[in-house]
Amino acid sequence: MGFEFSVITESLPALLAGAKLTWIITILGIVGGMACGILAGLGRIAGTEALGEKPHGIYKPLTVLIRYISSGYVETIRGTPIIVQAMFLYFAFPMLVKAVFDIERFRIEALTAAVITIIFNAGAYIAEIVRGAVISVDKGLLEAGMSLGISRFQLIVHVIGPIAFRRMIPPLGNQFIISLKDTSLFIVIGVGELTRQGQEIMASNFRALEIWLTVAVMYLIMTTVLAMTLRHIERKMEIF
Amino acid sequence: MSSIIELKNVCKSFGDIEVLHNIDLSVQEGEVVVVIGPSGSGKSTLIRCINCLELISSGELIVDGIRIPAEKRKIRQIRLEVGMVFQQFNLFPHLTALDNVAFGPSKARKMSKSKATDIARDLLEKVGLAAFENKRPDQLSGGQQQRVAIARALAVSPKVLLFDEPTSALDPEMIGEVLDVMQNIAKDSGMTMVVVTHEMGFASQVGDRLIFMDEGLIVEEGKPGEVMKNPGSDRLKEFLGHVKHH
Ligand SMILES: Nc1ncnc2c1ncn2[C@@H]1O[C@H](COP(=O)(O)OP(=O)(O)O)[C@@H](O)[C@H]1O
Ligand SMILES: [Mg+2]
């Protein structure tokens, strides 16, 4: 059994469809994960000096609560495998809802489960990236901002944000690539992404070499596009 | 003349350690007060209390009619009227010199971008850096950065400027340019200034009053020339001996 190029051309449409789905899940995961990550990352340091001055009065217990919730989220996600998270959301969560709310026929689409899983998973790791970058911002810059009389919101958006964001780009690129590759694990809940497509074609024609080589190259192309995009942003922002 | 800053029996503690003890101080509008004292004597803490970067632990602080702690909600208003210049410049590294200076007018005073930029241009010109408006902080010398920082503080038109050892992080050849700018501000605009510095030449030429702090207390105060000529305490005598040899 030699290397048959025709195997690749024949399976290309199905693999490209899988790659497209992988790409869509990844982009949704990155966008949603950024939103989650920024919220949870800032949440973990709410009420600390990393975000300006410490709050007073009723805000104090509120920030403690926000910190606990954010940390609980991050630690739960980091402490469990993504494959377990996907299976829990797809298989176990509907049963939980049925049991608790007594709803018949509640189910989550596999693709929906995949997207939600990747968003929350990426979000937890991005939260740590955000937190790390924000606490690395020189306190003197925060004091300079506060001395001008700006609000905490302005301080976060106009001082902390831009400075921290530049430091976040390299680790973010890393996380985006990890998330893209993590979508291959959704094979376990039957999402027709790239790895699943490869697996199905393989099961019918047993051409492991051609199929897995093609799949690998497709992943490589997608991760390269992600990496190059981030490098481009990084250059435009001139890291200091 | 009325006092724009007033500290009444102010104490400041960090944890269990009290670093300012029962400070009474009032600064008149247009006055230039120079604060000297050994390291750790509480100079920075004193001026950081004035713009509420540190909250006083007890006593009362009145800045431009706003009373702390009674009116804690108006801290931002105090900061709009009290600018600060730091030892380490603390320019925003992601912004050009012009945008650093325009930051306050546009964000804190909510002016239009073009108006803020006009103000910033004027001030950069005033501190002699018109040609450097598009440079980022890391492309400027220390002296230039500090002059931009002074322009940034001035840009929100504060009534008071606080300086925390503005020349201590500078190479000796750059100290003069920064002191000149400070002197011009004091002379031209009649700005109220509280300056922590060990530049005794500046203190005697520009200062209206000299305050000597030691161990969290104001030990001596008076006209700079007189205090320097006739120090009342051994601590000040010793301290003046030290700074003169610098
Ligand atoms: N944020 C802080 N936390 C704890 N101690 C502090 C803090 N800031 C200043 N101190 C202490 O307060 C004292 C006065 O410090 P500071 O006002 O910086 O003195 P100076 O500016 O005269 O050198 C010092 O003993 C210093 O260690
Ligand atoms: Mg100091």
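Because the model is predicted, local features are reported at pLDDT of at least 70 and side-chain atom pairs at pLDDT 80 or more, while totals for chains, interfaces and linings use all residues. Residues are numbered from 1 along each chain as its sequence is written, chains are lettered from A and ligands numbered from 1 in the order in which they are written, and side-chain values use heavy atoms, with hydrogens and water left out.

Between the two chains, 26 residues of chain B are in contact with 22 residues of chain A, contact being taken as heavy atoms within 4.5 Å. The area buried between them is about 2000 Å², and carbon and sulfur atoms give 61% of it; buried area here is the accessible area (1.4 Å probe) that two parts lose on being put together, summed over both. The number of residue pairs in polar contact between chain B and chain A, both at pLDDT 80 or more, is 6, where a polar contact is a pair of N or O atoms within 3.5 Å and, within protein, one atom must be able to donate a hydrogen and the other to accept it, residues adjacent in sequence counting only if both atoms are side-chain atoms. On the side of chain B that touches chain A, at least two residues each come from H2, E6, helix H3 (97-108) and H5 of chain B, helices (H or I, at least four residues) and strands (E, at least two) being DSSP runs numbered from the N terminus. H3(B) gives the most to this side, with 4 residues. The residues of this side of chain B comprise 14 nonpolar, 4 polar and 8 charged, with Ala, Val, Leu, Ile, Met, Phe, Trp, Tyr, Cys and Pro counted as nonpolar, Asp, Glu, Lys and Arg as charged, and the others, Gly among them, as polar.

Over all chains the count of salt bridges comes to 24, a salt bridge being a side-chain nitrogen of Lys or Arg within 4 Å of a carboxyl oxygen of Asp or Glu. Across the interface of chain B and chain A there are 2 salt bridges, and one pairing between the chains is that of Arg79(B) with Glu53(A), at 2.7 Å from N to O. Arg79(B) is buried, with a relative accessible area of 2%, whereas Glu53(A) is partly exposed at 29%; buried means under 20% relative accessible area, exposed over 50%, and partly exposed in between (1.4 Å probe, protein chains only). Within chain A, the side chains of Arg131(A) and Glu128(A) meet in a salt bridge at 3.0 Å, N to O, and these residues, 3 apart in helix H4 (residues 110-135) of chain A, are separated by about one helical turn. Within chain B, Glu31(B) forms a salt bridge with Arg209(B), the closest N and O atoms being 2.9 Å apart. This pair links distant parts of the chain, 178 residues apart, with Glu31(B) in the loop between strand E2 (17-28) and strand E3 (32-36) and Arg209(B) in strand E9 (residues 209-214).

In chain A, 8 of the 9 residues of helix H5 (residues 139-147) are buried, so this helix is largely enclosed by the rest of the structure. The cover over its buried residues includes helix H6 (152-182) of chain A together with elements of chain B, among them helix H1 (43-50) and helix H2 (75-81). At the start of H5(A), a side-chain oxygen of Asp138(A) reaches to within 2.9 Å of the backbone nitrogen of Gly140(A), and the helix is followed by Gly149(A), whose phi is positive, near 90 degrees.

In chain B, 7 of the 8 residues of H1(B) are buried, so H1(B) too is largely enclosed by the rest of the structure. Among its buried residues are Thr45(B) and Cys49(B), and both of these are touched by Lys12(B), a residue of strand E1 (residues 3-14) of chain B. Lys12(B) is itself buried, at 8% relative accessibility, and its side chain reaches the backbone oxygen of Leu55(B) at 2.7 Å. Cys49(B) has 0% relative accessibility, and its sulfur lies 8.0 Å from the closest cysteine sulfur, in Cys52(B), too far for a bond. Over all chains there are 0 disulfides, a disulfide being a pair of cysteine sulfur atoms within 2.5 Å.

Notes
Lists of a residue's contacts leave out its neighbours within four places in sequence.
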